[in-house]
Amino acid sequence: MTAIAFLRRRWYLPLAALVVVLLLISPHVGRAEPTGDYRPALPADAIASGCYPLPRGMTIDFPYQVRRDGDVNGPHGRHRRLVLQYDEINAATARQRITTALHRAGLPDSAATVTSYPRIPSDSLVRGEIVLTLPSVAQQTDVPDAAQCDNPFSTKRFPPAWPPSTSYA
Amino acid sequence: MPDVTTEPAVQPPPRQARDPEARATAVRRPPGRRWSRLDLAIGLALLVGVLLRVLLFGQVAHTPFSGDEVAYADAGKALSNLLRDLVSLHTPDTAELSRDVIGSGWFMPGMALLLTPLYLVAPHAGPEVAHAWLGFLTLVVYVLAIAEVRRTLGRWWALGLAMVPGLVPMWLLFGYTAYGDLLAGLVATLLITRMVAVLRRSASGTPPSLRDGALLGFLAITTVYLRSSSAPLVAGIGAVGLLALVWAGRRALVPVLLASGIFLAVLAPWSIAASVTFDTRVITTTSVPMALANSFGDRTQVCYGMCDPGSTLWFSPVRYAREVSRATGASEVTVLGQMSAYARRNVTAHSYARDVITDWHHYIDKPSAFLFKLHPPGDRDRGVEQAITSWTQRIFTPMVWLAAAGLLVVTRRSRRAQLLSVLVKIGLFGLLLQPFVHLAGSRYWTTAAPLAALSGMLAIWSVGTWIRGRVRRSERGPVDEPSRLLTLVQAALAAIGVAVVVVIQALA
């Protein structure tokens, strides 16, 4: 059998040899560095991060996610408007639990507005929304991960100029 | 385009031809000269295509990967690191693999696997090298597709495929990118052509060989790995493949099982890894719910209200789903499904039909729209872009019309032409499901382009043979006995196509 005939029948042998050589070289040429841009780390929860804490004594003991946070001007001066969604519980339970939480911080029932989402499918985890009217709070510096305090995706305090994420380029 | 009918019907192989290669050659080789003038034309078209490719390289050589390409490259880099770790007996970086290969479960790692050898040898390869590598791979698969079409369908068909999409500048440019769309289309072409050959032999009593089964299974799963949205195409082609059982009987069972087995065996590692990562069943990708919501639902309600600003309509919902997942312990994929259902509460037949039409226009109106990304960094040469756009459009428009005409062709000429007609219709319909479920973009046509070219050639061929049949009546009867079943299937597919267009137009 000539060399060419051999290679025609066993074409995969040189290929396999090449693959082995490349594999053996690979650890010695350095490591590739993926950007990870398509799966960034999930930013810290706006309340758990401690950047803008809830009033002293107030804790939330049901599943929630913060949607918006920030200071606004109202009829009684400047205050903090914190919007969160409650999950897995109904509106009555949400109202009862948030009221208890407000009382622990010495705040009135009226500081929370609870709205269940209309026509929500029964299996939906997300059930409705709570809008809290709280005293303004300054950004804290003594927190475990200070970088989160400047990350709007964590604090949910978005610069007004940020465009909505709804358009398709 | 006479080849489909002039080649002789397959004869059962001679008894002494035990060697599968010798048998395959005996079956496939057309009579007469091995090389003809048409081969010269095919070679010339390929050569011009390669020259055009080389000329166009400058347009993207230094352009960094962007958008989804970044995800594909990241996955390729992470896989190369995995191999590095395995070879040097280190513990693989599972966090990196999860982040960069599985990510949000949007993309199957077909392109990543193609980029892995590059990053294995050159971990810091810049855009020039990566684009060149991808362009080389695309060219190889393209030449393989043309060779396969020449062998199975004939030289005229191969020549057609060498010209369209092979001389469409925008399609050539996409050949340098890391998006899987174009390659998925080429592998699907290989799958369809190979399926025509296998079924034609089955019809004349030769069951598929184990090698046929293995190859078809491999081509099918490769298509899905490269672009998971081609799954309907692959499912349709696979269903037609079952005709081998009808025609060749039980002898086809083992090859069919082998094909399915290889498909599932290659799919499984991805499906299992994605399912474990997201703690729910993921078969291909996780993106369909959000695609439906963004295409047909109310985008201002995707996160039960507006999603976070300052991001995209893909990333913002996923970040939100991960937040809900963190709060409740449910899988983010489950949450995405619920978000999608909520955003689509108000979808009506009318709104759906209107959105499908809008999507269709995104799919087909501007084949060169991606020039906004595919240009040298910081430098757009309007003259070059104008040339690319007008040349692309000049071929693209007739291709679309001819492909549409080909979808209506019902041929009874020969079984091979019938098989091609059925498979191309199913393939194109499978790909054209995209605007019905997903916001379409101006790069998706690159998947359909080779199939559209085959469909267009089918239209030209059927008109050509009809005219020839009138001129030289019954000079040569059908060489390859047609099948009534395949005639019916063609008619049904054409009718479904027309019905869908009519219904969507009527609803909108």
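These questions and answers go through chain B of a predicted model.

Local features need pLDDT of at least 70, side-chain atom pairs count only at pLDDT 80 or more, and totals for chains, interfaces and linings use all residues. Residues are numbered from 1 along each chain as its sequence is written, and chains are lettered from A and ligands numbered from 1 in the order in which they are written.

Q: Why is Ala452(B) called buried?
A: A residue is buried if 20 or more other C-beta atoms, placed from the backbone, lie within 10 Å of its own; 12 or fewer makes it exposed, and in between is partly exposed. Ala452(B) has 27 such atoms within 10 Å, so Ala452(B) is buried.

Q: Which residues does Ala452(B) touch?
A: Two residues are in contact if their C-beta atoms, placed from the backbone, lie within 7 Å. Leaving out residues up to four places away in sequence, Ala452(B) touches Met399(B), Val400(B), Ala403(B) and Leu428(B). Val400(B) is 52 residues from Ala452(B) along the chain, yet their C-alpha atoms are separated by 6.9 Å.

Q: How many helices and strands does chain B have?
A: Helices (H or I, at least four residues) and strands (E, at least two) are DSSP runs, numbered from the N terminus. Chain B has 23 helices and zero strands. Helix 22 (residues 445-471) of chain B holds Ala452(B).

Q: What in helix 12 of chain B is buried?
A: Helix 12 spans residues 231-241, and its buried residues are Leu233(B), Val234(B), Gly236(B), Ile237(B), Val240(B) and Gly241(B).

Q: How do you know that the buried residues of helix 12 of chain B line one face?
A: The arc is that of the directions from the helix axis to the C-beta atoms. Down the axis of helix 12 of chain B, the buried residues fall within an arc of 160 degrees, so they line one face. An α-helix has 3.6 residues a turn, so residues three or four places apart point the same way. The buried residues of helix 12 of chain B pack against several helices of chain B, including helix 10 (181-203) and helix 11 (210-226).

Q: What makes up the largest nonpolar core?
A: A nonpolar core is a set of buried Ala, Val, Leu, Ile, Met, Phe, Trp, Tyr and Cys residues joined through C-beta atoms within 7 Å. The largest has 166 residues. Leu191(B) and Ile237(B) are among those with the most contacts inside it. Helix 10 of chain B gives the most to this core, with 15 residues. Leu191(B) also touches Ile237(B).

Q: Why does the radius of gyration of chain B agree with a compact globule?
A: The radius is taken over C-alpha atoms, and the globule rule is 2.2 Å times the number of residues to the power 0.38. For 508 residues a compact globule would have a radius near 23 Å; chain B has 24 Å, which agrees. Buried residues make up 49% of the 508 residues in chain B.

Q: How many residues of chain B are in contact with chain A?
A: 49 residues of chain B are in contact with 42 residues of chain A. Helix 4 of chain B gives the largest share of the chain B side, ten residues.

Q: Where do the domains of chain B lie?
A: Domain bounds come from an automatic or database domain assignment. That gives domain 1 (36-65 + 126-284 + 350-507) and domain 2 (298-346) of chain B. Their C-alpha centres lie 34 Å apart. The contact takes four residues from domain 1 of chain B and four residues from domain 2 of chain B.
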